Amino acid sequence: MPHDLPKAYDPTAIEDHWAEYWVREKLFAVPTPDPDKKADAVPAREAAEGLDGQSAFTILLPPPNVTGRLHMGHMLNQTEMDILTRWRRMSGRRALWLPGTDHAGIATQMMVERQLAEEGSSRQKLGREAFVERVWEWKRHYGGAILDQMKRLGASVDWSREYFTMDERLSVAVREAFVRLYEQGLVYRGAYIVNWCPRCQTAISDLEVVYDEHKGHLWEIRYPVLNNDGTDSGVFITVATTRPETMLGDTAVAIHPQDERYLHLHGKKLRLPLMNREIPIVLDEWVSREFGTGAVKVTPAHDPNDFAIGMRRHLPSVNVMDDRAHINQAGGAYAGLDRYVARKRVVADLEAQGLLAGVKDYTNNVGHCDRCKTVVEPRLSTQWFVKIQPLADKAIAAVEEGHIRFTPEMYKKTYLNWMENIHDWCISRQLWWGHRIPAWHCAVCHQITVPKPGSTGDPTHCAHCGASEITQETDVLDTWFSSGLLPVSVFGWPNIAEGAPSTDLGAPGPSHLGTRERAPGLDSETWARAQARRDFDAFYPTSLLVTGFDILFFWVARMIMMGCWFSAEVPMPDGSPRPLAESVPFKEVYIHALVRDANREKMSKTKGNVIDPIEIVKQYGTDAVRFTLASMASPGTDIAFNVARTEGYRAFANKIWNAARFIFMNVDRAAEVGITVDPSAFGSMPTAAANAPLEARWIVAELHSTAAKVNELLESYRFDEAANAIYQFFWGSFCDWYIEIVKLRLDFEKQQAAESADQQAGDATAALTTLVQVFEAALRLLSPFMPFLTEELWHAVYDGNPPAKSIALTRYPATKSREEFERQVGGIGFDEGAFGQMSHLQNLIGDVRNMRKERGVPEREPVQIEVHPRSDAVQKAFSENQNVIKRLARVSTVKFSETELQDPGVFRYLNYYEVRIDYKVIPDLPAERDRLTKECLRLEKIVANDERALNDPGFTGKAPAHIVEGRKKQLAENRLLLEKARAALDALPPE
Ligand SMILES: [Zn+2]
Ligand SMILES: [Zn+2]
C-alpha cells in the first residue's frame, strides 16, 4: 500500500477489497488450541508484555434464519459484536466469533411451498422425501445470502467454523439431546391444547402467536335446561361466545359454585343445541360471576381454559376441526365447512330455532400466526413435550446465583419472571423441514421406541414387542430445540473425549472444525472427540451473547436450560464434575436496543419507513454506518437512526483520510532530504520525553487518556461514549489542534541546514516520529469501529510493508496505570502538566480568535496581543509556544506584561491570564476623503440655498411665520453637519 493515497476518500473503493481479503486470508480463524504448544497461541510480543494470550473471548452469532436478509437490527447487533470481538482480539484474548445459520423450520418450508405453488405443484404432490431434497436445493442456492452480506460488512467471524443447524454434526447433537431427555423421563407425548396455524398446518409456540385487536361480536346462545327425564324444562341458561362454531364441541356449561342465580340448576343437564347432545352443568371456581351471564360454555378441545376445566372435571374433549380448520365429522351437519362459513351457518340456525339471545359488538384480542398472519385456532392435538422441570430450576439458579449477568440489568427480572411461570415446552411441529423426531411407532403394540443414548443408527424393531412394523414419527422438532443446543453442539457435544487428550493431534490446518489436520495414526473418531475436548475446554462457557429482546424467551432462556443441563455431563478439563458456574452457556448477556427511524418510530413495512442497511452502506460506506450505530448505542436506549449523522461520520472518515494524506506527504518530503522515521517506533503506545514540545507531550497524554476511557467504556457496553471519545480525540485533539501545531515543526530543510549544535536540530524528525506514532496508534484505537478505513491507512503507514497481515491482529492501545502514564508524559496536573498547559494555550488562542471576530479584524490580518500571565506555569506555556499562538491565532507579536492590563475595553480576564488585542479600525483613507469631500459639497449647497431663501424678502415677507422659522432651524442643523464633516475631513492624515 503506497503512501500516495487517492485524493478523495471513497469507501466503496476500499471496503470490497478488504472484506474479501479478511475472508481469503482466514484472518479470524481460531484453531483448536493445543495446550502443549503455548508458543503458537501467544505471539512473542504478547508473551513479552505478560498478556494472557490463552484466555478466550467466545461469542456466538445469533444464527439468522437461512431465509433471512440483513436488516438494521442485524446491522446493529453485528456492529456491536464486531466492535467487542475486534477489541478483545486486539487486547490479547483468543477471540472466537462463531457464525452459522438456522434452518428456520416454518419460514423455510413456507418459502419453498410458495415456489412450488408458482409451479403448480405442492409439497403433498412431491411427497416428503422429494420435498426435503427440494428444500436442501433451495438452501444451496439461496441459503448463504445473509452470511455473504455479513462478509461484505467485514464481520470478524471465524468462517472456518460456520455451521448450519441441519448439519450432520449438529443433527447428532439434536438426536442425542432428545433421546437423553426421553431416557430421563423428561420428554413425553400427550394431548394438549396448542396454538394451531391452519395455513402452516402445524402447532406453533405461544411466542409465535401475535395478538391484534379485532372488532367482532359476542353471541349469546340459550341452552335448554333438561328435566330429570330428559325433556326440555322450558328454562334456559345463556352463554356468550366470540367463536359460536366451537359450540359443536361443547361438553359442558360451567358456573361458579357460589353463584346464587344458578343454585337451583346444580346437577342439571342441558341439551346442546344443533347437536342434540346432553351435556352437564359443572361447578368450577375459575368461572367469573361478574362476566356476562356467569355461565360459560366449555369446549375442552378448542380453548386452553376450557381444556383446564375439562381436566379438572373429567370432561370428554370433542375436537370438531381438522388441520385446515374445517369442521370434521364430529361436527355433524356442519362437517366439511370452513370455520367461518360454519360460524355463519351456526348463528343462522340458532336464530331460526329461537336460541340466539343476542348479538353484541365486541372487541377482543385475536391471535395470529407470526409467520403467515392466519388466525390461530387453539386446538387439541397430540404433541411431544419437554417436562420443563428440573431444567427450569437449574436455569433460574444460574441467573440468581450470578453465573449469568444481564445488561441492561432489568432483563434479569424479566427472565426470572418468565422462567418461574414457564409451562412444559411443546417441541413437536407438524412440518417436513427440520430434525425428524427420533421416535418409532409400532403398528402391532402401538408403543413407542426411542433409541438409547449414545447409539447410532435407527431402530429396526419395536423395543417392546419386537415387531418390525415400526415407522418413524412424522413430526419434526421445534427449531428452537436445535438452536437451544448450539452453545454445546458447536463445540462437538456430545462426542467429547472423556479426558484431555495427551497425544499430538496434528498440525493446524483446515477441517470441519477449522482447526487441525489429523495426526497420522489417529482414527477420525478419536481425533474428532479429542478436538471437541480441547474446543470445549477452551471455549465453553462462551463469554457473551449479544441479542435482541424479542428472542429472550425463544432462544436465550432455552440455551440456558439446555446448556446447563447437557454440559453438566461434561467433566472439567481436570476430570472434576462441572459446577453450575461452568455449565452456563454464556457468562454475560447483552440485550441490544431497537433501531427506529429518525422520528423514533418503529420501522415497519406498512409504514414504509424501513431503512435498508445495504442501501445506506452503498451511499456512505460501512464504516460511517457502523460508526453511526455505535455512536448511539448504549444499554437500554433505542436508536433513532438519522442519515444526517451518517453523513457526519462519513465526513469524519474523510477528515482522517486527509490527515493521513498530510502525514504521508510530510513523510515523503522528509525522505527527500534523507530523514526517515523508524517503523519499529510504531505499534505500541507512544511516549513523550519530559522535555518534548508541549503539543507532543499533550497529544500523547490525550491518546493515553482516551485509550483508558475507551477500554473502560467498552467493558460496560457504552459503545456511544467510547465512539464519541475516539471521535473527539481524532477530530478535535489530533486533527484540529495537534496537526495544526505540528506543522510548525516539520521544517526538514531547516533541520538539514542546521548544525547539530543548533537547538533546532532533530526537532523535525522528533515531531514527525511522534506524529506518525500517534496517528498509527489512533488508527488502532478506531479500528474496531471503522475497520475498513483504518485497515487501509494502517497499511499505508507501513508503506506496504506492515508488521502483521492486518491492523486487526495488532494490539489495542491501552494504558496500564495512571501513574505510569503520568510518568511517561511528565505529569498531567492542571497547572504544570501537559493537559493544563495545553488547555491554557487553547483557551488563549480561542480568546484571541473571538476578540478578532468581535472587533471585525479581517481574517488574514495579523494582530499584536498583550498578555499578562498570572502564574509562572502559564507564563512558561505561553512564552515557549509563542510560535503556536502566532500561527493559530494570527498574531504578529506577543507582548508580555508583568502587571495587570488596564484598559477594560480590550482585555479578557480568566483565572490564569489576561489578554488584549492591539487593534484599531483603520479605514480606507482615499475612499474616506472622497466620501467626506462629497458630503461637504452637498451640505454647502443646501446651506447656500437656505441662506439665499432667508435673505429673500419675497420669501420671508409672504410665507407664514412657522414656515420661515422651520427654514431657519433647518439652516442651523445643516451648518452644524457641515462643520462636523469639515472637521472630519481635516482630521484625516495628510495624503
Ligand atoms: Zn401460519
Ligand atoms: Zn411393538
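I began with two cysteines: both Cys369 and Cys372 are buried (under 20% relative accessible area, with exposed over 50% and partly exposed in between, using a 1.4 Å probe and protein chains only). I noted that this is a predicted model, where local features need pLDDT of at least 70 and side-chain atom pairs count only at pLDDT 80 or more, while totals for chains, interfaces and linings use all residues. Residues are numbered from 1 along each chain as its sequence is written, chains are lettered from A and ligands numbered from 1 in the order written, and side-chain values use heavy atoms, without hydrogens and water.

Next I looked up the zinc ion (ligand 1). Its protein donors are Cys197 (SG), Cys200 (SG), Cys369 (SG) and Cys372 (SG), 2.2 to 2.4 Å away (donors are N, O and S atoms within 2.8 Å of the metal, or 3.2 Å for Na, K and Ca; water is not among the atoms, so sites may look incomplete). The four donor atoms subtend angles of 101 to 117 degrees, so the arrangement is tetrahedral (all angles between 85 and 135 degrees).

Then I turned to charges. I found 57 salt bridges in the whole structure (a side-chain nitrogen of Lys or Arg within 4 Å of a carboxyl oxygen of Asp or Glu). Arg626 pairs with Asp82, their closest N and O atoms being 2.8 Å apart. Arg626 is buried at 2% relative accessible area, and Asp82 is buried at 0%. Lys373 and Asp370 also form a salt bridge, at 3.6 Å from N to O; Asp370 is partly exposed, at 32%.

Terms used: Tetrahedral: all angles 85-135°; square planar, octahedral: opposite > 155°, others 65-115°.
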